[in-house]
Amino acid sequence: MKIDPIKILFNVSLALFFLLYGAFMMKFKIFPYEILQKAMVSYKALMALAGETDDALPADFWDVGGPQEPVVYGSANQKEDQLILVSGGLDQLKSACPKYGCLAWLTDRKGKIKHVWHHDPTIWNNMEHLKSEVKGRYLYPMGLHMYENGDLLVSYQAKNAFPVGVGLAKFDKDSNLIWKREDFNNHWFEVTNDGRIYAPAMRVIDAPLHIGDTRYLINCEQTKIAADVVTILSPDGKLIKEIDILDAIIKSGYAGTFHGALTGDDVDSLDTCDPTHLNDVRVFSHDIPSYPPDIKKGDFLVSLRSLNAVGILDPDTERFKWFSVGLSIRQHSPRYDGNGGVIVLDNKGGSEKKGGSRVVRVDLQSRMPVEMFPKTSIPEPKNFYTGTAGHLDLSADRKTILITSTHQGEIWEMDLASGKVVWRYVNNHMQRGRPARFPIYTSKYIQRASFIFNRKLGVQ
């Protein structure tokens, strides 16, 4: 066979050109870099979805030898008539909600279910924002607010979606949909006495993004960034105002919290698609007995997981008036204790010997953290760790607190004075004929309920 040196040289040169152009494209992110990046992200997402079967478990783990339904351990303490609102989801309490499971329920202190709301993931069919691959089994309820008449407001998130936020939906006491809002709302929100809703939401923006007017950038492999905002909504879910969290941080003089995450002197970008991860909004209200200096009614208390930060934001100026960074790791659920401090669920800042998570109180003046739970002098719980999520709810008298360890599927009620666990709730349900532990994203004290419960004898 005759060898043509011209053809060989041409092919080698062409291969070398594409090799060099590929390296040049990756370094300087020129055409077709963005197209290839999007294709790779889509491929990874499809492979992740393909790896999950239609009967993928919504439970976190099998509880071998455990109970077959939710159960209470320990004494019910003095408040026998007080109810607890518990979040549910797919396949939970199917004896009461046989089609998809219960969205949420009210339980008394002895573990008896008093009222349920039915989970119906089909309300999010034909979503405009999220891709069709996000099917019903990937949607789960996150935050809850129960109105006195039994209406229930719920935030939803989605697995294997970008961004994870879906929206808000409001139901009546009989689980009928009143309204819904698909706006990438997510995590935990607050409803104030005037009915306004203060909820985290995400805005998808192009990467790279400059950090203020500095040379530093926020980059993202997906070429899109989930930028957080606080949305202020009317009681019927209409948008009144939104506040951009990235802008608020930079304009408040805290751009360095992003720069601190960079590695190496020569690195000029932060590689993340989720730069702040707003996971809770609380509003200072008349229910608080006293305010710290410079804090006023209507200010927001927020948690920013990606920055390990908790801050107090003035919605009028859209600036932070108090900002704490690095006293907790990947925290959730900041709660003002009414006495000059913020209580936080510190997901990854706890002692490894006790599990790895903890609850701390941060003084607003000194900014010093004090560990509240679990205490080394108290044996229970032996292990406390939820790598993500987790929720806190203070009692009205601020004497006890509900600590929800999401991925352990447990709720502990702690006496604030002693640090002791006075009530424990375990969220087990049957799955494929075996007891399994299901996550709990929210648990709340319920003080008033003026509606007829649906869990009477013989009523499903």
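Predicted model: local features only at pLDDT ≥ 70, side-chain atom pairs only at ≥ 80, totals over all residues.
Counted along the chain, the bonded cysteines of the protein pair in the pattern 1-2, 3-4, and the number of disulfides comes to two.

One of the disulfides is formed by Cys 97 and Cys 102, whose sulfur atoms lie 2.0 Å apart. The link of Cys 97 and Cys 102 is right-handed, with 85° about the S-S bond, and both Cys 97 and Cys 102 are buried. Cys 220 and Cys 273 are likewise joined by a disulfide, with an S to S distance of 1.9 Å, and the link between Cys 220 and Cys 273 is right-handed as well, with 90° about the S-S bond. This pair connects distant parts of the chain, 53 residues apart: Cys 220 belongs to the loop between strand S13 (217-219) and strand S14 (224-233), whereas Cys 273 belongs to the loop between strand S16 (269-271) and strand S17 (278-283). Burial was also assigned to this pair, Cys 220 and Cys 273 both being buried.

The structure holds one cavity of 30 Å³ or more, and the space within the largest cavity amounts to about 70 Å³. Strand S20 (319-325), strand S22 (341-346) and strand S23 (358-363) are the elements that each give two or more residues to the lining of the largest cavity, and the largest share, three residues, is contributed by S20. The lining consists of Asn 308, Val 310, Trp 322, Ser 324, Val 325, Gly 326, Leu 327, Ser 328, Val 342, Val 344, Val 360 and Val 362. By residue class, the lining of the largest cavity comprises eight nonpolar and four polar residues, with no charged residue among them.

Confidence in the model was considered last. The average pLDDT of the protein is 87, and 83% of the residues score at least 70. Over residues 37-55, however, pLDDT stays under 50, and for this stretch the model has 18 contacts beyond four places in sequence.

How values were computed:
Residues numbered from 1 in each chain as written. Heavy atoms only, no water. pLDDT = per-residue confidence, 0-100. Contact = heavy atoms within 4.5 Å. 1 Å grid on protein atoms, 1.4 Å probe; cavity = no way out; pocket = protein on both sides within 12 Å on 5 of 7 lines; lining within 4 Å. Points joined across faces, edges and corners; volume = space filled by probe spheres on them. Helix = DSSP H or I, 4+ residues; strand = E, 2+ residues; numbered from the N terminus. Nonpolar A, V, L, I, M, F, W, Y, C, P; charged D, E, K, R; others polar. Disulfide = S-S within 2.5 Å. Buried < 20%, exposed > 50% of the residue type's maximum accessible area, 1.4 Å probe, protein only.
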